[in-house]
Amino acid sequence: MENAEHPEILDAYMGVRARLQRVIHRRVDCSATTADLLHDTFLRFWERPGLLRDVADLAGYFMITGRNLALDHERRKKIAPFVDGIDGLETISDPTPSAEAATISRQELRRVQAALDHMPPRAREVFMLSRIDGLTYVEIGERLGISPKTVFGHMVVALGRLRAEMAA
């Protein structure tokens with residue numbers, strides 16, 4: 001195992017873990033999210049120790065990375081209203097709707113399809129991988145060869161287009 005040859009990663013992480021936990025918790029104010037972000041911070045470097053090849057201050061790098069992950073988490077929460085509005089789409093396929101509900105549902109489905117058809121191709125692809133396939137932004141980024149931040153940007157575009165189409 002390549003990682004067993006890098007005890008400095010574990011040592012650096014353990015040296016800043018308590019302080020990093022406080023910093024993250026102050027930002028997200030949730031113990032479970034804090035634990036997840038701490039785990040993500042550690043795994044980011046444990047699984048790819050080559051990322052730390054030229055880093056002189058591992059402890060500082062862990063602190064910056066953990067803080068940035070917490071900031072990213074907070075940014076994602078800001079688009080939650082867009083995401084929450086999309087969660088109701090599964091009710092469109094209700095198996096026993098009234099005739100009126102069925103007509104309205106078909107119209108809404110056409111509008112959603114039209115919005116998807118008019119999205120930039122990459123935004124549509126990111127949206128489908130996230131909302132239909134259930135992939136995380138990190139998984140989508142790895143699959144498409146782009147950063148999670150770029151995935152997030154494409155998702156914002158997709159959700160904005162979908163919201164505008166549905167409001168029209």
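**Entry 1: I24**

I began with I24, which has 0% relative accessibility and therefore counts as buried (under 20% relative accessible area, with exposed over 50% and partly exposed in between, using a 1.4 Å probe and protein chains only). I noted that the model is predicted, that local features need pLDDT of at least 70 and side-chain atom pairs pLDDT 80 or more, while totals for chains, interfaces and linings use all residues. I also noted that residues are numbered from 1 along each chain as its sequence is written, and that side-chain values use heavy atoms, with hydrogens and water left out.

I24 sits in helix α1 (helices are DSSP runs of H or I with at least four residues, strands are runs of E with at least two, and both are numbered from the N terminus). Leaving aside neighbours within four places in sequence, I found I24 in contact with D29, T34, L37, L38, G66 and A70, where contact means heavy atoms within 4.5 Å. I also looked up R67, which is 43 residues from I24 along the chain, and the two C-alpha atoms are separated by 6.1 Å.

**Entry 2: the chain as a whole**

I counted 8 helices and 0 strands, and along the sequence the pattern reads α-α-α-α-α-α-α-α. Of the 168 residues in the chain, 33% are buried. Among contacts with a separation of 6 or more, 65% come from residues 24 or more positions apart. The chain exposes about 10600 Å², of which carbon and sulfur atoms supply 53% (Shrake-Rupley method, 1.4 Å probe; for residues, only the protein chains shown count as cover).

**Entry 3: aromatic rings**

I looked for ring pairs, taking Phe, Tyr and Trp (its six-membered ring) with centres within 6.5 Å, and calling planes under 30 degrees apart stacked, over 60 edge-to-face and the rest tilted. The count comes to 4 aromatic pairs. One of them joins Y13 and F42, a tilted pair with 4.8 Å centre to centre and 50 degrees between the planes. Y13 belongs to helix α1 (residues 7-28) and F42 to helix α2 (residues 31-46), so the pair ties together parts that are 29 residues apart in sequence. Both Y13 and F42 are buried, and ring pairs link Y13, F42, W46 and F62 into a cluster.

**Entry 4: helix α8 and its partners**

I then turned to α6 (residues 121-132) and α8 (residues 148-167), which pack at an angle of about 95 degrees with their axes 8 Å apart; axes are lines fitted to C-alpha atoms, for helices over the stretch in contact, and angles run from 0 to 180 degrees between N-to-C directions. That makes α6 roughly perpendicular to α8 (65 to 115 degrees; under 35 is roughly parallel, over 145 roughly antiparallel and the rest oblique). On the α6 side I listed R122, A123, V126, F127, S130 and R131, which meet V151, H154, M155, V157, A158, L159 and L162 in α8. The residues of this contact divide into 9 nonpolar, 2 polar and 2 charged (Ala, Val, Leu, Ile, Met, Phe, Trp, Tyr, Cys and Pro count as nonpolar, Asp, Glu, Lys and Arg as charged, and the others, Gly among them, as polar).

Helix α7 (residues 137-144) packs with α8 at an angle of about 105 degrees, with the axes 8 Å apart, and the two are therefore roughly perpendicular to each other. Here Y137, V138, I140 and G141 of α7 make the contact with P148, V151, F152 and M155 of α8, and by class there are 7 nonpolar, 1 polar and no charged residues.

**Entry 5: V151**

V151 lies in helix α8 and, at 0% relative accessibility, counts as buried. Not counting residues up to four places away in sequence, I found that V151 touches V126, Y137, I140, G141 and I146.
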